[in-house]
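The sequence and the coordinates are shown first, and the description follows.

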Amino acid sequence: MLTIARSELRQILRNRLVFFSATIIPVGVSLLLITQRDLFSTVPSGVGLLAGVFMIILISMGLYTTAVSTLAARRQTLFLKRLRSTAVSDSSALAGILGPPVLIAIIQVTAVLTVLAVLTDIPAEIPLLIVSGLSLVAMMVGLALATAGITTSPEHAQVTTLPITMGTSAVAFWIGFTGTEELGTLKRLLPGGSATELTINAWNGGTDLVDNLLLLGPTVAWIAIGVLLAKRFFQWEPRR
Amino acid sequence: MNSPTVIDVERLNVSYGDFHAVKDLTFSVRRGELYALLGTNGAGKTSTLEVVEGHRAATSGKVTVLGEHPLDRRAVRPRMGIMLQESGFAADLSVRETLALIGSLSGRSDQPSRVLDVVGLTAKVDTRVSSLSGGEKRRLDFATAIYGSPELIFLDEPTTGLDIQSRDDLWDTVDRLREDGATIVLTTHYLEEAQQRADRIGLMHEGTLRMEGTVSELTGTLPGTISFVLDDAMAPHLPLPSSLTGTGKQLIKTQSLQHDLHELLTWAHAHDTELYDLDAGPTRLDDVFRSVSHN
């Protein structure tokens with residue numbers, strides 16, 4: 001797995017377009033939001049909203065879209081079939097391919113949230129914030145595997161990833177600006193909804209731990225849905 | 001003497017929905033032999049190979065490779081090299097990095113520099129795969145298959161895109177591997193390569209194995225031919241039954257080429273008759289291939 005991950009990281013660093021889309025764009029969007037942070041001071045969620053939105057944007061754009069594009073490209077060029085002609089297991093091959101985007105996304109989120117904490121306040125519940133971030137990473141990996149199953153090429157990924165990237169970002173903004181007092185169940189059940197609320201709670205503090213842990217439920221359910229869909233739709237070779 | 005079998009396929013069936021690609025296929029490959037699996041387009045050989053190589057599960061039937069289930073990658077792959085029909089390499093990796101990656105994942109150990117020297121890619125070690133020619137990619141593919149000198153090697157269209165010199169070099173390497181005991185499974189559209197190299201050939205058509213045997217066994221199923229141009233006046237007096245081809249040549253089909261050719265030449269000499277454009281030969285593998293695909 002590590003051998004594959006190293007070669008994937010080498011390819012990411014060598015391919016300027018992939019490197020740009022995997023790193024510069026999410027970081028740039030986040031930095032732009034930081035410079036405009038005063039606009040968010042009037043909403044009830046406060047800086048927690050920024051943290052929740054950053055997390056969703058970075059992980060959906062930096063990890064989810066990159067993972068779908070990479071898997072589609074590796075399938076299209078028969079690299080996945082090549083890996084399956086070796087002794088590595090399917091899970092190791094996937095872990096090796098998705099490891100670098102996951103690592104890059106975690107570094108991005110950590111860096112941007114650290115900047116945010118320096119500019120504003122230190123998050124109230126850091127362990128909970130980490131749990132929220134990791135659950136979001138797992139959800140996006142599951143959804144990426146599922147989306148890759150219906151994505152035929154990297155170009156196609158620009159279309160197939162839109163519902164999740166736009167949807168999760170919209171849900172994050174919706175919850176950030178309006179809270180979960182109204183339509184709370186719906187907002188939490190949407191992909192990324194409960195993770196956004198958990199991130200906001202972890203950043204702002206002052207909420208019940210059990211209630212927060214219950215918010216992991218919908219995210220875990222989306223992870224399971226992603227994995228089930230991936231098992232059903234994921235293809236190792238281009239359709240013949 | 002029969003060697004132990006390396007590949008055993010019994011009543012293999014492969015279906016895609018309603019389409020039955022492979023039907024009750026049974027064959028085996030013996031240790032140390034070069035077995036060529038040939039067939040028309042859509043004959044089912046790719047599906048068969050995918051099952052035997054462990055890329056696909058069989059719909060039904062029993063397949064063992066090196067005594068193991070082909071889907072048990074950890075058990076089988078370190079002993080098996082696969083040259084895919086299409087390369088499937090990462091474009092942004094160099095030749096050396098690609099071979100080191102695939103080689104290490106194969107579970108076999110070797111020196112990439114040694115293998116690259118064998119396939120003639122030493123000068124390209126630092127070249128990215130995206131900059132390689134089609135023939136160079138095939139040689140890199142071959143390098144991944146022979147990395148660590150596995151005991152079983154699948155060669156899927158190995159010489160497509162290679163120049164004559166590269167083809168000769170590839171077959172020389174295959175010959176050396178066979179001298180060391182390697183078993184080779186070959187698929188190719190170059191029938192002359194199969195005719196020259198294969199110990200046994202399986203001919204597939206429409207999902208079934210229509211013929212199997214050595215080259216002489218397969219070509220022996222069809223008559224040899226003698227063709228020539230003859231003065232019309234002499235044609236009725238020929239000692240053997242003949243037919244006239246579309247190009248105006250007399251054609252004699254024979255199961256006993258040497259005997260009948262001798263009889264024809266003796267007759268021509270005795271009648272002081274010239275046999276113009278004389279051509280005689282046994283059945284070629286492509287004749288057998290055509291007979292299978294037309295039948």
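**Confidence of the model**

The term pLDDT denotes the predictor's confidence in each residue, on a scale from 0 to 100. It applies here because the structure is a predicted model.

Chain A has an average pLDDT of 89, and 96% of its residues score at least 70. Within chain A, confidence is lowest in helix α2 (residues 16-35), where the mean is 74. It is highest in helix α6 (residues 126-149) of chain A, at 96.

**Chain A: overall form**

Chain A contains 12 helices and 0 strands. Its radius of gyration is 18 Å, close to the 18 Å that the globule rule gives for 240 residues, so chain A is as compact as a globular protein of that length. Along the principal axes, the C-alpha trace of chain A spans about 55 × 35 × 30 Å.

Of the 240 residues of chain A, 48% count as buried. When contacts in chain A between residues at least 6 apart in sequence are considered, 82% join residues at least 24 apart.

**Chain B: overall form**

Chain B has 10 helices and 13 strands. Its C-alpha atoms fill a box of roughly 70 × 45 × 40 Å, taken along the principal axes. Buried residues account for 39% of the 295 residues in chain B. Among contacts in chain B between residues at least 6 apart in sequence, 68% join residues at least 24 apart.

Chain B is divided into domain 1 (5-218) and domain 2 (223-282). The C-alpha centres of domain 1 of chain B and domain 2 of chain B lie 43 Å apart.

**The nonpolar core**

In soluble globular proteins, nonpolar side chains tend to be buried together. In this model, the largest nonpolar core has 136 residues. The residues with the most contacts inside this core are A:Phe54, A:Ile59, A:Met140 and B:Ala143. Helix α3 (residues 47-76) of chain A gives the most to the core, with 19 residues.

The surroundings of A:Ile59 can be listed in detail. Leaving aside neighbours within four places in sequence, A:Ile59 is in contact with A:Tyr64, A:Ala105, A:Val109, A:Leu136, A:Val137 and A:Met140.

**Where the chains meet**

Between the two chains, 21 residues of chain B are in contact with 18 residues of chain A. On the side of chain B that touches chain A, the elements giving two or more residues are α2 (73-76) and α3 (95-106) of chain B. The most comes from α3(B), with 6 residues. Sorted by class, this side of chain B has 9 nonpolar, 5 polar and 7 charged residues.

**A buried residue of chain B**

B:Asp156 is found in strand β6 (residues 152-156) of chain B. Is B:Asp156 buried or exposed? The cut-off for a buried residue is 20 or more other C-beta atoms within 10 Å. B:Asp156 has 22 other C-beta atoms within 10 Å, and therefore B:Asp156 is buried.

Not counting residues up to four places away in sequence, B:Asp156 touches B:Leu49, B:Met83, B:Leu84, B:Gln85 and B:Thr187. B:Asp156 and B:Ala36 are 120 residues apart in sequence, and their C-alpha atoms are 9.9 Å apart in space.

Note on methods. Residues numbered from 1 in each chain as written. Chains lettered and ligands numbered in written order. Predicted model: local features only at pLDDT ≥ 70, side-chain atom pairs only at ≥ 80, totals over all residues. Helix = DSSP H or I, 4+ residues; strand = E, 2+ residues; numbered from the N terminus. Rg over C-alpha atoms; globule rule 2.2 N^0.38 Å. Buried ≥ 20, exposed ≤ 12 C-beta atoms within 10 Å, placed from the backbone. Contact = placed C-beta atoms within 7 Å. Nonpolar A, V, L, I, M, F, W, Y, C, P; charged D, E, K, R; others polar. Core = buried A, V, L, I, M, F, W, Y, C linked by C-beta atoms within 7 Å. Domains from an automatic or database assignment.
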